[in-house]
Amino acid sequence: MRLDSETPQQHAPRSGLILLQALVLGLFCLFTLRLWYLQVHKGTRFADMARDNQLRQVRINSARGRIVDRNGQPLAVSEPSFALGLVREDCADVDATLAKVSEWTGVDKAQLLETFRRGKKRVKPFEPLTLITDLPYESLARIEANAMLYPGLEIVVRQKRSYPTGALMAHVLGYVAEANEEELEKKPELSLGDSVGKQGLEYALEDELRGAKGRKQVEVDAFGRQHNEQILDPPRAGGDVRLAIDVNLQRECARLMEGQAGAIVVMEPDTGKILAMVSEPSYDNNMFVLGVPADKWKELRDNPRHPIQNRVTQGVYPPGSVFKLLMAAAGLSQGFVRPGDVVACPGVYRVGNRDFHDWKKGGHGALDMRGALVHSCDIYFYKLGDRMGIDRLSEYATASGFGTRTGIDLPHEKAGLIPSKEWKRKRFGAAWSKGETVIASIGQGYVLTSPLQVARYVSALVGGGKLMKPELVETEPPKVDAVLPLKDADRQFILDAMVATVEQGTAKSLLRSDAVLGGKTGTAQVVKLINPDVRRKTHAMPYEQRDHAWMASWGKKDGKAYVVVCLVEHGGHGGEIAGPVVRKVYEYLFGPAPGRAARAGVPHEPAAEPADVGD
């Protein structure tokens with residue numbers, strides 16, 4: 001009997017073997033395809049990503065340009081400071097790290113979290129996100145000593161703005177502060193924590209001062225430490241700016257205004273260069289660089305004398321009798337009056353059923369234009385304005401640079417106001433009255449000008465009729481914006497009358513024998529007199545009701561010419577208060593006057609020979 005060793009049921013099914021072989025082949029092909037995809041098709045990209053784990057590109061901050069005065073004295077400089085950044089890619093526990101940073105620095109954790117939240121939208125994970133822009137030395141030392149325990153923390157060297165002169169130049173320079181969301185959106189080149197100009201020349205010249213950031217490549221180890229630095233694009237420092245301002249003259253003008261609210265402008269009439277621009281009271285712009293504390297900001301904001309306001313460009317005031325310079329020019333150029341025409345000044349001028357009084361009780365008698373300017377007669381200009389009409393006056397004043405911005409390179413300049421019939425109709429829905437024209441003709445009522453506009457106009461009278469753009473930057477070429485609508489002979493007549501005002505009239509406080517000076521005083525009423533025949537002494541009136549004191553002047557000596565304008569808010573009479581201040585400015589510019597000892601006492605002393613003290 002034969003036994004078979006295998007039965008048919010013991011043979012493996014051929015179909016199952018083929019299926020197994022196909023499955024193995026499919027897996028091999030899948031792995032091969034994946035390997036090709038990773039190493040060939042995507043090889044370059046993944047190689048770059050691998051290198052990025054070691055190599056990072058980091059921005060290099062640029063230094064902001066310096067601002068110096070005309071003699072090279074530094075006014076705005078950049079100093080090294082240390083910021084704290086957080087590289088999210090290297091930080092395993094952000095919450096714990098921020099808590100520790102708060103403990104080290106004293107900065108509230110909620111504030112750090114808010115900064116971190118804002119920065120996540122703008123900063124790449126491998127770039128340092130600035131948490132604190134300026135670290136005190138003690139905090140810096142603690143962070144450096146413990147940085148190994150909290151990977152991701154990085155000390156970043158930055159530039160911090162500093163203003164050596166502080167409040168002296170605050171209204172000219174302005175300040176920088178951390179860029180807000182709107183500024184970051186507008187300028188992609190800015191990063192979180194960057195500072196930008198917010199006010200003054202820092203704002204106006206931002207693009208020139210800021211410069212451009214650079215890039216560097218660094219190798220980073222597992223602990224986040226940087227090695228093998230390579231500069232890819234070097235940073236470009238911002239350009240330096242030299243101002244026309246003389247900081248020593250600026251300091252003297254500020255000293256003369258100490259304790260007062262007001263402004264002084266010193267200008268070169270031929271070039272439009274501003275040699276001094278003082279607005280008092282002022283503030284220390286250094287406090288804004290790192291963020292002004294809330295209590296300090298409230299103190300500045302609520303100060304009744306408004307130290308943040310630049311009174312030279314943003315303060316607009318009734319010019320009072322200083323406006324008579326323009327009225328004389330308008331009357332002469334438009335043919336309403338001739339220099340020799342005599343006008344009676346009885347002390348009162350009646351329009352309709354209303355009487356308008358001269359500042360001098362009983363009036364000045366019969367005067368021609370020269371006498372009217374020298375003694376600042378109100379009645380003369382009441383009559384001239386009444387003949388001219390407000391619309392002619394408005395048109396002429398606008399053509400002479402009033403009621404419009406001067407174009408100075410400072411933000412938020414105010415244009416002032418020269419009223420007209422149409423303006424009043426739009427503003428109040430009411431008709432213009434002749435009495436309002438009379439008031440406007442002596443720089444009262446709705447008329448508002450800035451000290452800079454007055455300085456520009458006087459400069460045009462001295463400088464051949466050219467209305468120059470007021471220029472703060474020394475290297476900028478002079479720019480003529482317009483020409484006064486005034487004949488040279490009439491312009492010279494007004495200048496001669498200003499000289500006579502110094503020699504015989506309301507500006508006697510400026511008189512000196514070694515220079516030619518011309519001036520025009522102004523006393524601008526702040527509140528309407530209930531009884532114009534009763535004039536109280538300035539010191540007997542509440543401060544906010546006292547008149548503004550003006551002095552607009554020019555001086556020439558040894559081939560040099562200057563225009564000096566001073567406004568003292570609620571100071572009283574222009575000749576008594578603003579005059580002595582301007583005299584002392586000329587003593588600085590020209591030296592002490594012969595025969596008059598230079599006195600360093602109270603700058604607002606009465607004039608030595610007071611005349612026509614009503615103006």
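**Reading salt bridges and a nonpolar patch**

Modeller: Let's start with one side chain: Lys-186 is exposed, at 62% relative accessible area (over 50% is exposed, under 20% buried, and anything in between partly exposed, using a 1.4 Å probe and protein chains only). This is a predicted model, in which local features need pLDDT of at least 70, side-chain atom pairs count only at pLDDT 80 or more, and totals for chains, interfaces and linings use all residues. Residues are numbered from 1 along each chain as its sequence is written, and side-chain values use heavy atoms, leaving out hydrogens and water.

Colleague: Which side chain does Lys-186 meet in a salt bridge?

Modeller: Side chains of opposite charge can pair when their charged atoms come close. The rule here asks for a side-chain nitrogen of Lys or Arg within 4 Å of a carboxyl oxygen of Asp or Glu. Lys-186 meets Glu-182, at 3.5 Å from N to O. The two sit four residues apart in helix α7 (residues 181-186), so about one helical turn separates them. Helices (H or I, at least four residues) and strands (E, at least two) are DSSP runs, numbered from the N terminus.

Colleague: How many salt bridges does that rule give?

Modeller: The count is 32.

Colleague: Which residue does Arg-64 form a salt bridge with?

Modeller: The partner is Glu-202, and the closest N and O atoms are 3.0 Å apart. This pair links distant parts of the chain, 138 residues apart: Arg-64 is in the loop between β1 (55-60) and β2 (67-68), while Glu-202 is in helix α8 (residues 200-204). Arg-64 counts as buried at 11% relative accessibility, and Glu-202 is buried too, at 0%. Both belong to a network of salt bridges that also links Arg-161, Lys-187, Glu-189, Glu-206, Asp-207 and Arg-210.

Colleague: And where do the partners Asp-514 and Lys-557 lie?

Modeller: Asp-514 and Lys-557 form a salt bridge with 2.8 Å between the closest N and O atoms. They come from distant parts of the chain, 43 residues apart, with Asp-514 in the loop between α19 (488-504) and β19 (516-524) and Lys-557 in strand β20 (residues 548-557). Asp-514 is partly exposed at 24%, whereas Lys-557 counts as buried at 18%.

Colleague: Which residues form the nonpolar patch on the surface?

Modeller: Patch members have over 30% relative accessible area and no salt bridge; nonpolar side chains (Val, Leu, Ile, Met, Phe, Trp, Tyr) are joined within 5 Å, like charges within 9 Å. Here, Leu-20, Leu-23, Val-24, Leu-27, Leu-30 and Phe-31 make up the patch, with about 630 Å² of accessible area together (Shrake-Rupley method, 1.4 Å probe, only the protein chains shown counting as cover for residues). Leu-27 lies in helix α1 (residues 14-41) and is partly exposed at 42%.
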